[in-house]
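Could you walk me through this structure in the viewer, stop by stop? Please tell me what to select next and what is there.

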Amino acid sequence: MFVQMVAQSPEIFLLMGLPIMFLLNKYRKNKTSKTFYSVSKIMLLFSILSGIIFYNRSGYAEYVQNNTYTTLYKIFVQIFGLGIFFLSCKWFLNKNRSSLQYYAYGTGLIVSLMILISSVHFLVLSGAYFISSLLIYYLMRLSSEDYEYEMGNRRYFVFMFMFSLMILLSGLWFYHKIGSWEYAKIAAYYAKHAWNRADIMAFAGILLPLLYMLGIAPLHFNRIEQSGLSILPVGMINQILPVIGAYAVILNLLINVFSTASSIYVPFLRILSIVSLFWGAISATKEDNLRRLFGYCCLYSVGFIMLGLLPFNNNGITSSFVYLIAYLLTIFGVYSVFFAFKSNGEYVSSLQDISGIFSQKPYVSVLLTAFIVSFAGSPPMLGFLGKLQSVENMIREQDYWSIGLAMLALLLLLNAFFRVIRVMFFEIRTKNFDRTDRGIYFCLFLNMIFFLVGVLNPALFIEQFETLLQPIMR
Amino acid sequence: MLNTFSILSLIIVIPFLGMLFTLFAKEAEDGSTRNACSVAVFAVIANIIMILRIFMLIEVYQPGIQLVETYNWMKNPDINIVFGVDVLSLMLLLAIHIAFIIGFIGVRNNMEHQKSLMVWSLLFLSMITGFFVSADIFSFYIFFEATLLPLFMILGMFGDIKRREYINRFLLYNMLGAVIFFVATLLLFNYQHGMLELQQLGNMKLNDKMEYFIWAAIFISLLSRIPVWPFHYWISSVNSSIRHPMVFLISMILPLTGIYGFVRFLPKSLPSIMSNYIFILQIIGIVTMLFIALIGLINKDRQYKIFSYITVYYIMYLLGILTRNEVILLNIAFSFFSYLIIVASLEVFSHYISREQSQQGIMDDGILCACPKISIIYAFMTLAAVGLPLSSLFLNNFLILSDLLAVNIKMGIIMLLSLVIVSSSLLRELFRLRDIEKCGVEMHQVEDINKGIFIFMLFICFILLMSFVKPLWFVLGA
C-alpha cells in the first residue's frame with residue numbers, strides 16, 4: 001500500500017493541496033489570492049519533483065501506468081499549470097477577488113489530466129475525462145454575468161456530459177466484447193480480429209470526446225466562444241491544459257491501442273485537420289476579440305499538429321511534438337501579454353482597445369509580435385521549427401496536397417496577424433495603459449529564453465525529447 | 001557546433017546587438033534620441049570595419065564562396081547552417097552599410113519615433129547581412145523570410161503610406177513568395193537526401209516533374225521581390241508613396257534579395273526546362289523596364305523618377321545575371337556597389353529638398369541654387385547615376401550592356417533605350433532644380449547641409465570616384 005502511494009505521490013501531493021486550501025480559507029484571517037497560489041505552487045513543485053523521481057513507477061498498474069512518455073506530458077501539464085497559476089495570481093490580486101475556487105478547481109483539473117494521461121483502463125479514462133470536463137465547467141462558471149456566456153456554459157455542460165457518457169458506453173462495449181477495460185488486452189484483441197461496424201462506432205465514441213477536448217474543428221465551438229468571454233485566468237487554462245492532456249491521450253490510444261484501425265481514422269483526422277486549418281485561419285481574420293482571435297490561431301495550430309502527426313511514424317510523432325511545444329510556449333506567451341493589456345484596472349480584450357499600444361508599451365508589443373511570428377511559423381521563431389518538421393515529414397510521405405492546403409491556410413491566417421500588428425504599431429493610441437507587473441515581464445522573459453534556446457539549439461528540444469517519447473515510437 | 005565564433009557570424013550579430021542596445025538606450029529628458037542614434041551609427045560603422053577586414057581575408061578574384069563557417073543546427077532532419085562570402089556578397093554588404101549611414105543622415109533631424117526606426121532598421125540590417133552571408137539553402141530561406149517582419153514594421157510605422165492596404169498586400173505577396181520558397185527548399189532538401197550548399201545548386205540533377213515545380217517555385221518566389229510585371233504593381237504602389245528616406249532606402253534593398261537569389265540559384269549549365277522560363281522572364285523584364293522608364297519620364301513626382309531609375313537598373317542587372325557569365329557577375333558586383341550608394345544619396349537629398357520646399361512653402365524650381373553644398377552633392381550623384389565616369393557604374397555598366405547586346409541585340413537596344421529615358425528623366429529633374437532663371441528662392445530661405453555632413457558626403461563622392469578608378473581600391477593587393 002505504502003509503495004503504491006509513493007508511486008502515485010505526484011497526484012497525491014496535489015490532492016493534499018485541496019484540504020489545505022479549504023482549511024486555510026476557514027481558519028486563516030489574512031488571506032489573499034497569493035495564499036492559495038502559494039499552496040498550489042508548493043504542491044505542484046513537490047508533485048513535479050516526485051513525478052521526475054518516480055517517472056516509471058505505477059502504484060496501480062492495472063489502471064494507470066507511468067513511463068517516460070506519460071511523465072513528460074504530465075510534467076508539461078504541471079509546469080504550464082504553475083505558470084498559469086502564477087499569472088492568475090496577479091489577476092486575482094488586481095481584481096481583489098477570492099481565488100480559492102479557481103486554485104482548487106485548477107489543481108483538481110491538473111490531477112485529473114495527469115490521471116487521464118497515464119490511464120491504461122477505459123473506466124479510469126472515462127472517469128478522468130468526466131472529472132476534467134466537469135472541473136473545466138466549474139472554472140468557466142467563475143464568471144457568469146453575461147447571458148451569452150451563461151448559455152455557452154450550459155451548452156458546454158450538455159456536450160461534456162454527452163461525451164463523457166460516450167466514452168463510458170464505448171468502454172462498456174469493449175468490455176462486453178473482450179471482457180476487459182484494459183488498453184493492452186483490447187489492443188491484443190484487435191491485433192488478431194477485424195473491426196466491425198459496432199467496434200468502429202465504439203472507437204469513435206472514444207475518439208470524438210478526446211478530439212472535443214483537444215479542440216479540433218468542428219468540435220472547437222465551445223472553447224473559442226467561451227475563452228473570449230471568460231475571465232482571463234480561465235481562458236488561459238482552457239487554451240493550454242486540456243490540449244496537452246487530450247493530445248497525449250489521443251496519441252497514446254491511436255498508436256498503442258487502436259493502431260489496427262489506422263485506415264479508418266487517418267482519413268477522418270486528415271479531413272478534421274484541414275477543416276481546422278481553414279476554419280481557424282478564416283475565422284481569425286474576421287475576429288475582433290483578441291482572445292477569440294488567438295483561439296482561432298490555436299485551432300489552426302491544432303490542425304497543423306494533427307496533420308503533421310498523421311502518418312503516425314516516428315518523424316510524424318516528433319514533428320507534431322515539436323509543433324505542440326512551440327504552440328504551448330507561444331500561446332502561453334500570448335496570454336502572458338494579455339495580462340499586461342490593462343487599462344484603468346480592466347483587462348482589455350478587444351482589438352481596437354490595443355490600438356497604438358506600442359507607443360506606451362513597446363516591449364510588450366514587440367514580444368506579442370514575436371509570438372505572432374512564431375504562430376505564423378516564420379523564422380527565426382520557435383514556430384518555424386514546428387512548421388519545418390511537420391512539412392518536411394509531409395514531403396517525406398509525399399503528402400503534397402496537405403502541404404499546399406496548409407500553406408494556403410497560413411497565408412489566410414497572416415491577414416489576421418497583419419491586422420493585430422497594424423493595430424498595435426501603426427494606429428493612434430486611444431487608451432492609457434496601466435503599469436505592467438514585473439512578474440509578467442519575468443514570465444515573458446523566461447518564455448523568450450525558451451524560444452531562443454529552442455531556435456539556436458533545436459537539438460536540445462528534439463533529440464532530448466525524442467528519447468522520452470520512446471514508449472510511443474514505432 | 002563546429003564553430004562557435006567567427007567573423008561572418010559576427011557581422012550578423014553586431015547589428016543585432018546594436019538593435020538591443022538601441023532598444024534599451026535611454027532617451028534624454030528633452031525627448032531627444034541622440035543615444036539611440038549614436039548606438040545605431042556605431043553598430044553600422046563597426047560592421048563596415050568588419051566587412052573591410054573580411055575583404056582582407058579573402059582572395060577577391062577567386063570565384064566561389066570563401067571563409068565558410070558551418071554550424072550543425074539540427075540532427076533530424078540533418079540541417080547545417082553554412083555561412084560564406086564571395087566578392088559579390090561583400091560588395092553588396094559594404095554598399096548597404098554605407099547606404100544605411102547615408103540614410104541615418106537623412107533622418108537625423110526627424111525626431112518622431114526615431115528610436116523605433118533605429119531598432120527596426122538595425123534588425124533589418126542584421127537579417128539582410130545574414131541573407132548575404134548565407135551559403136546554404138536553409139539559411140538563405142531563413143533570412144529571406146526574416147527580412148520581411150522588420151520591413152513590414154518600418155513601412156507601416158514610418159512609411160507614411162496613406163493606404164494601409166498597400167502595405168498588407170505588399171507583405172502578403174512577399175510572404176506568398178517566402179512560403180513557396182520554403183516548400184521548394186524542403187523539396188530540394190528531401191530530394192538530395194541532405195544538406196544543400198548554394199554552390200552545389202548549379203550542378204544539381206532533378207527529375208522532370210520535380211525540376212518543373214522547383215524551378216517555377218524558386219523563380220516565382222525570387223521574382224516576387226523584384227518590381228517586374230505583375231509584381232511591379234504593388235511594389236511601385238508602396239515605394240512611390242513612401243515619404244521617408246530611410247524607409248524608401250530599406251524597401252528598395254528588398255528587390256536586391258530577389259536579384260541576389262538569381263545569382264545564387266541559377267545553374268551553370270541550364271536545364272532545358274529553365275530556358276523557357278528565362279525567355280519569358282527576359283520578355284517580361286524588358287517590357288517592364290521600358291514601361292516604368294516611360295512612366296518615370298512623364299511623372300512629375302521626383303520620388304517616382306528615382307523609383308523608376310532604381311527599377312530599370314534592377315531589371316538590367318537581372319537580365320545580366322540571366323546570361324550566367326562569371327565576368328558579368330563581377331561587373332554587376334562592382335556596379336551594384338556604386339548604384340546602391342548613389343540611390344541612397346539621391347533619395348536622402350531629394351527628400352531634404354522636398355522637406356525644405358514644403359516647410360518654406362516655396363517652389364522647388366531652381367532650389368539648388370540657394371543651397372550650394374546640396375547642389376554639388378546632388379549634381380554629382382545624378383551625373384554618376386546616369387553613367388558619367390564618376391563611379392564604377394560607368395565602366396561596369398558599359399561592359400554589362402555590351403555583353404547583353406551581344407547576347408540579344410533587340411533586347412539590348414530596348415534596354416539601352418530604357419536607360420536613356422531614365423537618365424534623361426533624372427537629368428531633366430536636376431536641370432529643373434538648378435534652373436537659375438526660374439529660381440524664386442533667396443539664399444537664406446533654404447537651409448543648406450552643415451559642414452560635417454558636406455565633408456562626409458564629399459568623402460562618399462571620393463569613394464565613388466575611386467571605385468571608378470579601381471573597384472576594389474580599398475583592398476590591399478587586390
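Select A:Gln398 to begin: this residue is exposed, because 9 other C-beta atoms lie within 10 Å. A:Gln398 sits in the loop between α16 and α17 of chain A, and its phi is near 55°, a positive value in a residue other than glycine. Helices are DSSP runs of H or I with at least four residues, strands are runs of E with at least two, and both are numbered from the N terminus.

A word on what you are viewing: this is a predicted model, in which local features need pLDDT of at least 70 and side-chain atom pairs count only at pLDDT 80 or more, while totals for chains, interfaces and linings use all residues. Residues are numbered from 1 along each chain as its sequence is written, and chains are lettered from A and ligands numbered from 1 in the order in which they are written.

Now pick A:Phe312, in the loop between α13 (290-309) and α14 (314-340) of chain A. A:Phe312 is not a glycine, yet its phi is positive, at about 55°. This residue counts as partly exposed because it has 18 C-beta neighbours inside 10 Å.

Then move to A:Ala217 and A:Pro218, which are joined by a cis peptide bond with omega of about 0°. You will find A:Pro218 in the loop between α9 and α10 of chain A.

**Chain A as a whole**

Zoom out and show chain A by itself. Its fold contains 19 helices and two strands. The radius of gyration is 21 Å, close to the 23 Å that the globule rule gives for 474 residues, so chain A is as compact as a globular protein of that length. (That radius is taken over C-alpha atoms, and the rule is 2.2 Å times the number of residues to the power 0.38.) Along the principal axes, the C-alpha atoms fill a box of roughly 65 × 60 × 45 Å. Of the 474 residues of chain A, 54% count as buried.

Next, select A:Ile84 in helix α4 of chain A. With 23 C-beta neighbours inside 10 Å, A:Ile84 counts as buried. Beyond residues up to four places away in sequence, A:Ile84 touches A:Pro233, A:Met236, A:Ile237 and A:Ile240.

**The nonpolar core**

Stay with A:Ile240, which is among the residues with the most contacts inside the largest nonpolar core, along with A:Ile244, A:Leu413, B:Met91 and B:Ala95; this core has 341 residues. (A nonpolar core is a set of buried Ala, Val, Leu, Ile, Met, Phe, Trp, Tyr and Cys residues joined through C-beta atoms within 7 Å.) Helix α14 (residues 326-360) of chain B gives the most to this core, with 19 residues. Domain 1 and domain 2 of chain A both give residues to the core, so it lies between them.

For a closer look, click A:Ile244. Leaving aside neighbours within four places in sequence, A:Ile244 is in contact with A:Tyr73, A:Phe76, A:Val77, A:Phe80 and A:Leu328.

**Across to chain B**

Bring chain B back into view: 22 residues from chain A and 23 residues from chain B make the contact. On the chain A side, α16 (382-396), α17 (400-426) and α19 (458-468) each give two or more residues, and α17(A) gives the most, with nine.

Finish in chain B at β1 (residues 66-74) and β2 (residues 79-85), which pair in the antiparallel sense over six bridges; strands pair if DSSP finds at least two bridges between them. β1(B) and β2(B) form a hairpin with four residues between them.

Note on methods
Contact = placed C-beta atoms within 7 Å. Buried ≥ 20, exposed ≤ 12 C-beta atoms within 10 Å, placed from the backbone. Domains from an automatic or database assignment.
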